[in-house]
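I opened a new page for this model.

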Amino acid sequence: RFAHLSTIYIWTFAAPRVGTHAFFHAFQYLERTNRIRHARFSCTNDIVPLTLVCNFRQDDLQFYKHVGMRIQLHDTDRVGQWRLHNSLDVTYPLNHDWPSEMQRLLANNILANLNTPKGFEECHGLAEHQRRLHFAMTYRRALGLSTLNSDQRRKDIKTLDEYYLIRGNILSNGISEKIVNMWKIDMGKNKGAQSALAPPADLTNSAPEEEGDDQFCNNCIIL
């Protein structure tokens with residue numbers, strides 16, 4: 001019924017958990033079949049994305065889960081700069097084993113994101129998300145252009161589809177050949193790591209996307 005529709009792109013900011021285990025797996029099925037892409041932005045020390053833990057039903061207790069590609073926006077202080085210097089905090093719930101679940105639980109709990117009432121209010125606002133997103137983009141690009149920290153991966157703006165490949169091993173059309181090659185190299189470095197997806201034939205001759213801030217309006221999330 002919906003096979004003729006193009007991919008739906010969703011951008012959410014400071015969203016809480018929205019669905020149960022069944023909803024989570026149904027959403028990931030839509031992601032793997034290229035029906036939907038979701039960029040979920042959240043600020044460090046914002047309590048709202050950590051709420052709605054479960055449905056509190058004694059007869060049918062179910063825990064809520066986040067869906068989509070998570071982009072954690074850190075503050076612009078020295079700690080935030082140190083985090084951005086090492087890597088962007090972009091994650092995807094690819095593995096569902098107990099160690100991975102416990103790691104996400106420890107990273108996404110209220111105790112690890114304590115703040116003052118005024119701080120919670122500031123971190124939850126859209127203006128704060130916009131400020132941190134702009135800082136992350138400009139800071140990472142500056143690192144990529146610098147002499148001591150020159151890194152092509154840092155200065156290139158990546159699309160949401162490309163992050164789905166890098167973090168979730170989910171391939172779709174419209175990904176630059178450079179990103180596909182980078183993904184192949186990273187997969188080769190992980191001994192024993194086998195991807196269930198292979199790049200389609202039409203990607204081998206695809207031209208790299210043009211760089212520039214204007215890409216941000218074309219399904220781009222962050223560099």
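I began with the lining of the largest cavity, where strand 2 and strand 3 each supply at least two residues. The model is predicted, and I kept that in mind. Strand 2 gives the largest share of this lining, 3 residues. I read the volume of the largest cavity as about 70 Å³. Its lining has 13 residues, and the closest to the centre are S42, L50, R70, Q72 and N108. I sorted the lining by class: 4 nonpolar, 6 polar and 3 charged.

Next I asked how many cavities of 30 Å³ or more there are. The count is 2.

I turned to the second largest cavity, with a volume of about 50 Å³. I found 11 lining residues, and Q72, L73, L84, L88 and A136 lie nearest the centre. Strand 3 and helix 5 (126-145) each supply at least two residues here. Strand 3 gives the most, 3 residues. By class, I noted 7 nonpolar, 2 polar and 2 charged residues in this lining.

I saw 4 strands in an open sheet, in the order 1-2-3-4, with mixed pairing. Strand 1 (8-13) and strand 4 (90-91) each have a single partner strand, so one side of each is left without a neighbour in the sheet. I checked strand 1 against strand 2 (residues 36-43): they pair in the parallel sense over 6 bridges. W11 stands opposite A39 in strand 2.

Last, I looked at helix 7 (residues 160-168), which packs on the sheet and touches strand 1, strand 2, strand 3 (69-73) and strand 4. The direction of helix 7 makes about 85° with that of strand 2.

Terms used:
Residues numbered from 1 in each chain as written. Predicted model: local features only at pLDDT ≥ 70, side-chain atom pairs only at ≥ 80, totals over all residues. Heavy atoms only, no water. Pairing = 2+ DSSP bridges. Contact = heavy atoms within 4.5 Å. Axes fitted to C-alpha atoms, helices over the stretch in contact; angles between N-to-C directions. 1 Å grid on protein atoms, 1.4 Å probe; cavity = no way out; pocket = protein on both sides within 12 Å on 5 of 7 lines; lining within 4 Å. Points joined across faces, edges and corners; volume = space filled by probe spheres on them. Nonpolar A, V, L, I, M, F, W, Y, C, P; charged D, E, K, R; others polar.
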